[in-house]
Amino acid sequence: MNIIRKKRRDWILAAALLLLIGAACLMAPLLAPYPADLMDSSAVTRPPDGSHIFGTDAMGRDLFTMVLYGGRVSLYIGIFSGCLSTVIGVVYGSISGLAPERISDLMMRCTELLMSVPAILLALFLQAIWGQPSATSVAVVIAVTGWMNISKMVRSEVRQIRQSDYVLAAKTMGADFFYLLIRHLGPNFVSTIMFMVISNVGHAMLTEATLSFLGLGLPLSQVSWGSLMTMSQNVLLSGAWWLILIPGIFLVVTVVCMTELGEAFRRKNSGKHSNL
């Protein structure tokens, strides 16, 4: 009982922290003490103090302001990429689940082939082909490399229910694929894949930070938590620890909170199956 209560407290705390960070980033224009484009040459690489609670960066910008505005971009990339990868995975997995045996197996072999290549290498390759990165292009690239696990789980769920009476009746009455997906298939696996969807959001944010670190992320004119950490590489030797530590803490805390929420969904779904 104590373990159950502790797990419940953990996901409630994770949800509260995530809501707090998200609300602060959304209200950046109201909470930020300085304009996002303000560069003060007299306050370059200043450590945290009364006027700049998170310090300043190498261009004299207030880091607290940059963290708030950068969080909006990081969360946008994570949420948009997570939603897009979910749509791709659900549609592909549903088609594979409804297809004849040979076509379904061929589609899964293609999925496994893509999964055998490290996702970060695929993302680097696609982003290099795309060219000049933006928040949307980075999100799309990450989504295109992160839908395979969802598709495999959706396929498994669809294959279990595709011979159900209500699915067969809908097919007999001429229901098209998307009607089947939305009305009959989707409600049966939405809770099963929810933990993967939430985890994909956090994974997308980490991947964006990695791409920025490798020089294929967002341009300097568009700030995210990942790009803030990248820009700090040039000043770490000067002892400006706050430039990488503070954005890193926000990124890690957000990802950990999303992971905890995903695990809470997984435990809830596992509990339902065990009760059955």
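## The second largest pocket

H9 gives the most to the lining of the second largest pocket, with four residues. A helix here is a DSSP run of H or I with at least four residues, numbered from the N terminus. A pocket is an open set of points on a 1 Å grid over the protein atoms alone, where a 1.4 Å probe fits, with protein on both sides within 12 Å along at least five of seven lines. Lining residues have an atom within 4 Å of a point.

Of the 13 residues that line this pocket, the closest to its centre are Thr145, Gly146, Asn149, Asn200 and His203. Helix H4 (101–115), helix H7 (148–161) and H9 each supply at least two lining residues. The pocket has a volume of about 230 Å³. A volume is the space filled by probe spheres set on the points, which are joined across faces, edges and corners. By class, the lining has seven nonpolar, six polar and no charged residues. Nonpolar covers Ala, Val, Leu, Ile, Met, Phe, Trp, Tyr, Cys and Pro; charged covers Asp, Glu, Lys and Arg; the others, Gly among them, are polar.

## About the model

This is a predicted model, where local features need pLDDT of at least 70, side-chain atom pairs count only at pLDDT 80 or more, and totals for chains, interfaces and linings use all residues. Residues are numbered from 1 along each chain as its sequence is written, and side-chain values use heavy atoms, leaving out hydrogens and water.

## The largest pocket

The largest pocket has a volume of about 300 Å³. Its lining has 16 residues, and the closest to its centre are Leu18, Leu75, Ile79, Val201 and Met258. Two or more lining residues come from each of helix H1 (2–26), helix H3 (63–98), helix H9 (177–213) and helix H11 (242–275).

H1 gives the largest share, six residues. The lining divides into 13 nonpolar, two polar and one charged residues.

## Helix H7

H7 has 14 residues. From first C-alpha to last, H7 reaches 20 Å, close to the 20 Å expected at 1.5 Å a residue. That expected span is 1.5 Å times one less than the number of residues.
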